[in-house]
Amino acid sequence: MFQSATALRARPEGRRTGSPVPRDRRPRLSVAVDQATAEHGTLFVVSAGNSGPDTIGTPASAKDALTVGALNRDGTLANFSSTGPRIGDYGVKPDISAPGVGIVAARAKGTSLGRPVDDLYTALDGTSMASPHVAGAAALLKQAHPDWTWQQLKSALVGSAQPGDYRAEEGGSGRVDVAGAQTQSAYAVPAAFNLGAAPFVDGAPYKPVAREIAIHNDAAAARTFTLTASIKPSAGDDPLPDGAVRLSQSEVTVPAGGAASVTITADPNLLTAETLYSGFVTAAATDSSASVRVPASLYVEPPLRTITVRGTATNGKPVLDDSLLLVHDETGFGTYQGVFRNGVGTVRVKPGTYAVETVLLSPDAGGKQVQNVALSVKPEVRIGDDNVEWALDARKASEVTYRTGRDTEQQAGSLGYWRSTRPNFGSLIALPPDFKHISLFPTQAPKNGTQEITVFSTRTAPLLAANTGPEDLHPTPLDSAKQFEGRAGLELVDVADGSAAGFAGKNVKGKLVLATPAPGQIISSVIEQAKAQGAAAVAIGNTEPGRLEGAAGTQAAPAFALPGEDVRDLRRLLTRGKSVKVTLVGTPLTPFLYDLVTPYKNTVPRGPLTVTVDESSHAHVSARIHDRGSVVGPANYTNYSERTDGGYGSLYAPLVTQLAVRRGAVLGEWFSVDPRTSYTAGVAYARTGGSLWYADTNHKIQQAGRRTVEYFKVVNSWKLAELKAKGTNLWVVGDRFLDPTGLYTMREPADTKGMTLYRNGTQVSKSTISDFAVVPVASGEADYRLEVEARRDVPGWEYSTRVTSTVSFRVNPQPDSANNYVSIPEVGYGVGVDLSNRIRADKPQKLTVTARPTRTGEAKIAKVQTWISYDDGQTWSELALAPAGADGTWKATFKVPGGKSTPKYASLRTVATDANGHSIDQTVERAFGVR
């Protein structure tokens with residue numbers, strides 16, 4: 001719809017928001033948005049977020065972005081719409097609002113996001129549905145005023161918005177009015193008065209704060225504007241004292257095409273400390289041709305003291321500026337976040353008792369990228385009349401290491417801190433995947449209550465390992481690069497900066513190319529040139545010490561980055577005149593993973609912090625991930641880890657791990673054994689329009705040892721979970737596409753499904769779902785027949801594609817009855833398929849059929865018959881069932897025809913009847929595959 005940011009200046013862009021962040025720190029993504037605006041002149045239209053009051057996050061907090069809140073259809077603020085004020089300076093965010101509830105939008109085929117209206121459209125709620133209205137309004141304004149800057153576009157929309165019954169920091173200036181923005185030809189620059197936070201200075205009065213804006217008049221004639229200010233405290237409508245907020249002028253005359261400046265000044269000494277003030281300055285044309293609303297805000301700091309932490313990195317130098325200082329109120333919800341500059345972290349807090357959490361980031365050899373993360377926790381820090389200061393040296397922290405018996409690499413890590421005296425979640429700091437090393441400082445126990453320091457680490461096989469024999473190299477990924485897979489010993493060829501001259505006269509066919517492009521040189525051209533000359537892989541080296549961050553920009557050949565010190569050592573080897581062989585071992589899809597949770601209750605000891613992982617202390621799960629035939633690409637492993645307080649409460653927000661894993665393979669999973677840690681693991685297959693999701697039920701692993709789980713295994717059937725008459729309502733609860741283990745459920749909204757109920761042969765209900773129904777029926781005993789269909793016609797689901805079930809039973813609903821449960825036979829299958837969900841033809845195979853009452857202790861199964869078909873149900877052959885050892889289990893042996901007549905699929909049909917005459921007749925089409 002729009003051209004690139006560099007081609008069309010002042011271009012609106014819609015963006016979804018991320019997660020909330022603590023106050024007093026500008027998030028990187030918000031900074032990046034403002035930098036992009038400054039560099040390209042682009043107006044970014046950003047969703048405020050959907051987390052409710054006081055949750056403006058990133059990039060919604062970007063100063064120059066046009067941040068959009070959501071309104072209900074009646075113009076009131078949607079309760080989910082994230083509100084401000086902005087992080088750190090208490091500025092007004094969102095800037096503006098737009099309709100965001102029940103918005104009908106195009107629907108991708110086969111998806112069920114939102115509330116589907118029909119096959120083509122769905123209704124959705126959210127600020128991401130509101131922001132496109134504003135992006136479209138900005139585009140219309142840009143079309144009408146091609147020469148307008150991003151600032152003019154933003155100011156015109158904010159200044160012309162229609163007011164609503166909400167505060168400025170809740171919904172901005174009001175509902176977007178693109179017609180008003182176009183016709184009133186007046187706006188203010190900047191779009192808002194942000195007076196910021198009036199700082200407290202001990203022993204001195206507050207200093208007045210002032211800001212200036214310009215009222216622009218784009219009309220053909222001069223106009224006079226009357227200026228008024230309406231500023232109120234966040235709680236209540238009490239008027240401000242005289243002189244607390246004043247305007248430099250009450251009226252300005254602005255020439256045609258010109259501007260006039262106005263200053264707003266606030267005296268914090270006349271206001272209440274620790275209070276947010278917000279409202280609007282209105283510039284109304286005396287001829288009623290325009291009314292410009294300018295949001296304004298001010299926060300008055302309470303008396304504060306400064307906590308200072310001086311951090312030393314593992315190299316003896318100051319820690320990186322991205323190091324983190326969190327100060328938690330020991331008995332309340334508040335958290336202050338400080339910033340580090342040149343190794344010194346500071347945060348200003350009210351007098352009180354705090355738990356101070358410090359994360360020190362130590363750099364690698366280049367001094368820029370993070371090599372080590374060290375966490376320090378100090379509970380019960382009492383802040384009185386004086387500032388406090390201490391020092392931390394990352395060299396005195398101990399690294400948390402893992403003894404697994406093989407090489408592992410951290411792909412995801414988090415640091416948790418929980419304090420029993422606080423009434424809310426503990427803090428959970430998620431670390432980027434390139435933060436590989438975590439260390440902890442020794443920690444003393446608090447005198448009051450308890451605390452827990454927790455290290456979460458997800459570890460896999462290294463994505464890429466490289467060595468020259470005795471010496472290990474330190475490869476790291478390049479964004480968007482093709483990953484090296486397998487094991488190979490490759491001769492190294494140095495092509496200098498990767499230019500044509502560097503390649504000249506070099507034979508790189510089947511070899512590893514080493515290149516160090518100059519800063520600004522396009523990496524993709526180096527990789528593509530290497531591929532064109534037959535190179536097996538490309539190593540892009542840093543031109544200076546430390547890790548290289550960059551994007552490959554192509555997948556022409558496997559490529560990765562090397563730090564500058566590795567490049568130096570390799571070139572030193574090459575100068576000896578002998579060939580250098582580099583062994584690469586690439587594992588982009590790990591065959592194993594460790595989801596490890598290591599809690600330290602109250603104290604962290606000194607010395608080595610080594611976690612030994614084996615079956616005596618951890619749970620080892622062999623996850624067999626079956627292939628479904630036509631799926632393309634890897635499977636996606638997801639695990640939700642939750643740390644509880646031993647009851648129903650959670651210590652932290654759930655932690656989510658996602659990794660790409662191989663289909664048709666066994667994944668070795670290792671979990672920490674802890675009754676207070678629960679896991680919900682799952683595997684999904686990506687497909688067009690969504691994914692096929694297969695979830696393990698939430699469970700707590702409390703015993704070490706080994707077990708096996710099956711993902712995406714056939715045969716999948718339909719199960720009647722509950723059938724009862726409650727009064728004169730018949731309740732039906734079912735599970736479609738249940739797998740043989742009975743513990744896992746396939747979830748797919750795009751299924752075609754239906755349920756029809758007959759009473760004494762007459763249809764009484766029909767629905768388009770197969771999982772749940774509450775059907776009013778006549779009282780009195782009657783014969784019922786329930787017909788259920790579940791069909792899955794989506795790519796990636798080749799087996800057990802359609803399940804039809806006919807359930808026959810008799811029940812006597814009565815108006816005064818509570819729960820009159822009905823038991824019917826429940827059918828399941830077990831067949832020895834391989835990881836491709838197929839069996840071999842021309843070889844005897846065993847089939848297990850289970851038929852048991854849905855309710856334990858009810859009528860026993862009286863008769864079971866099973867048939868098999870190799871032509872999608874056109875012809876059936878009955879199998880000879882023999883009772884097996886377990887009650888309700890039968891076994892049969894069959895052999896699929898081989899040779900040229902080998903079928904691709906086998907279908908199954910079973911009829912089971914219990915002693916009460918209740919029965920189920922179930923057919924599973926293409927139940928499993930044949931090879």
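Select Asp-627 and show what it touches: Arg-663, Gly-664, Tyr-685, Tyr-799, Leu-835, Ser-836 and Asn-837, leaving out residues up to four places away in sequence. Touching here means contact, that is, heavy atoms within 4.5 Å.

This is a predicted model, where local features need pLDDT of at least 70, side-chain atom pairs count only at pLDDT 80 or more, and totals for chains, interfaces and linings use all residues. Residues are numbered from 1 along each chain as its sequence is written, and side-chain values use heavy atoms, without hydrogens and water.

Is Asp-627 buried or exposed? Asp-627 is buried, at a relative accessible area of 17%. Buried means under 20% relative accessible area, with a 1.4 Å probe and protein chains only.

Asp-627 sits in the loop between strand E37 (618-625) and strand E38 (635-643). Strands (E, at least two residues) and helices (H or I, at least four) are DSSP runs, numbered from the N terminus.

Finally, select the whole chain. Its secondary structure comes to eight helices and 62 strands. Of its 931 residues, 53% are buried. The C-alpha atoms fill a box of roughly 95 × 85 × 65 Å along the principal axes. Among contacts with a separation of 6 or more, 72% link residues 24 or more positions apart.

Methods
Buried means under 20% relative accessible area, exposed over 50%, partly exposed in between (1.4 Å probe, protein chains only).
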